[in-house]
Amino acid sequence: GAARIQELPGVRMAMGEADWDALTRAPNPNHERLPRRDIAVKDGDTITVGSTSIKLYVLGGHTPATLGLDFTVYDRGKPYRAFMFGGAAPGPGREAAEQFVASVNRIAQLQDGVQVRVVTHPWMDPEFWDRVDKLTSRKAGDAHPFVTPDVFRAWVAELKTTAAARLDD
């Protein structure tokens, strides 16, 4: 579907260089149309979407160049630092596990000040749907249920455990 999305006006696709390369080598038994190579992200690049600047980190391990996104979100005008890790589970093989460990260690170094964990899949956060319910019924003055720095730190600790276990396997 990525190639189809690129047909929309103004859409550009960004991936780490190693992921663009891996995409061309991946099995494609259904002969799906691949997206055209567009933006090759380098570690530390920043892209701007509308008025939001997103700092990108190349954090291999799930794929060779999985991206981490560091950006500001707002609730009622108040800014919060958000982070999303595009691949919160290691890919197959020892090399992927080693890359994943290094990536998790980098995220741990970046975690100070992160207040919002953005997940790529709702099932990755067992409290996600409870937070959604709290958000929909939130009253003036209630805290935003996704502004949870402790949840982010606990998730980083969980990632470290997952990474260590994969290396042991």
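Biologist: Which residues does Asp125 touch, not counting those up to four places away in sequence?

Modeller: This is a predicted model: local features need pLDDT of at least 70, side-chain atom pairs count only at pLDDT 80 or more, and totals for chains, interfaces and linings use all residues. Numbering runs from 1 along each chain as its sequence is written, and side-chain values use heavy atoms, with hydrogens and water left out. Contact means heavy atoms within 4.5 Å. With residues up to four places away set aside, Asp125 touches Arg117, Val119 and Arg131.

Biologist: Is Asp125 buried or exposed?

Modeller: Asp125 sits in the loop between strand 7 (116–118) and helix 4 (128–136). Helices (H or I, at least four residues) and strands (E, at least two) are DSSP runs, numbered from the N terminus. Buried means under 20% relative accessible area, exposed over 50%, and partly exposed in between (1.4 Å probe, protein chains only). Asp125 has 8% relative accessibility, so Asp125 counts as buried.

Biologist: Which residues line the largest cavity?

Modeller: On a 1 Å grid over the protein atoms alone, a cavity is a set of points where a 1.4 Å probe fits but cannot get out; a pocket is an open set with protein on both sides within 12 Å along at least five of seven lines; lining residues have an atom within 4 Å of a point. The whole structure holds 1 cavity of 30 Å³ or more. Its lining has 2 nonpolar, 1 polar and 3 charged residues. The residues are Arg117, Asp125, Arg131, Phe146, Thr148 and Val151.

Biologist: What is the volume of the largest pocket?

Modeller: Grid points are joined across faces, edges and corners, and a volume is the space filled by probe spheres set on the points. The lining has 14 residues, with Ala88, Ala89, Trp123, Met124 and Trp155 nearest the centre. The space in this pocket is about 200 Å³.

Biologist: Which helix gives the most to the lining of the largest pocket?

Modeller: By class, this lining has 6 nonpolar, 6 polar and 2 charged residues. Ala, Val, Leu, Ile, Met, Phe, Trp, Tyr, Cys and Pro count as nonpolar, Asp, Glu, Lys and Arg as charged, and the others, Gly among them, as polar. With 4 residues, the top contributor is helix 5.

Biologist: Which residues lie nearest the centre of the second largest pocket?

Modeller: The volume here is about 170 Å³. The lining splits into 9 nonpolar, 2 polar and 2 charged residues. Of 13 lining residues, those nearest the centre are Leu23, Glu32, Arg33, Leu34 and Pro35.

Biologist: How many residues apart in sequence are the parts tied together by Tyr57 and Phe83?

Modeller: Rings of Phe, Tyr and Trp (its six-membered ring) pair if their centres lie within 6.5 Å; planes under 30 degrees apart count as stacked, over 60 as edge-to-face and the rest as tilted. This pair is tilted, at 6.3 Å centre to centre and 40 degrees between the planes. Tyr57 is buried at 7%, and Phe83 is buried at 1%. Tyr57 lies in strand 4 (residues 52–58) and Phe83 in strand 6, so the sequence separation is 26 residues.

Biologist: What is the angle between the planes of Phe85 and Trp155?

Modeller: Phe85 lies in strand 6 and Trp155 in helix 5, so their pair ties together parts 70 residues apart in sequence. Phe85 is buried at 1%, and Trp155 is buried at 7%. The pair is edge-to-face, 6.4 Å centre to centre, and the angle is 65 degrees.

Biologist: Which residues form one aromatic cluster?

Modeller: The count of aromatic pairs comes to 7. One cluster is formed by Tyr57, Phe83, Phe85, Phe100, Phe152 and Trp155.

Biologist: What separates the C-alpha atoms of Ser137 and His31?

Modeller: Ser137 is in the loop between helix 4 and helix 5. Ser137 is partly exposed, at 42% relative accessible area. Ser137 and His31 are 106 residues apart along the chain, and their C-alpha separation is 46 Å.
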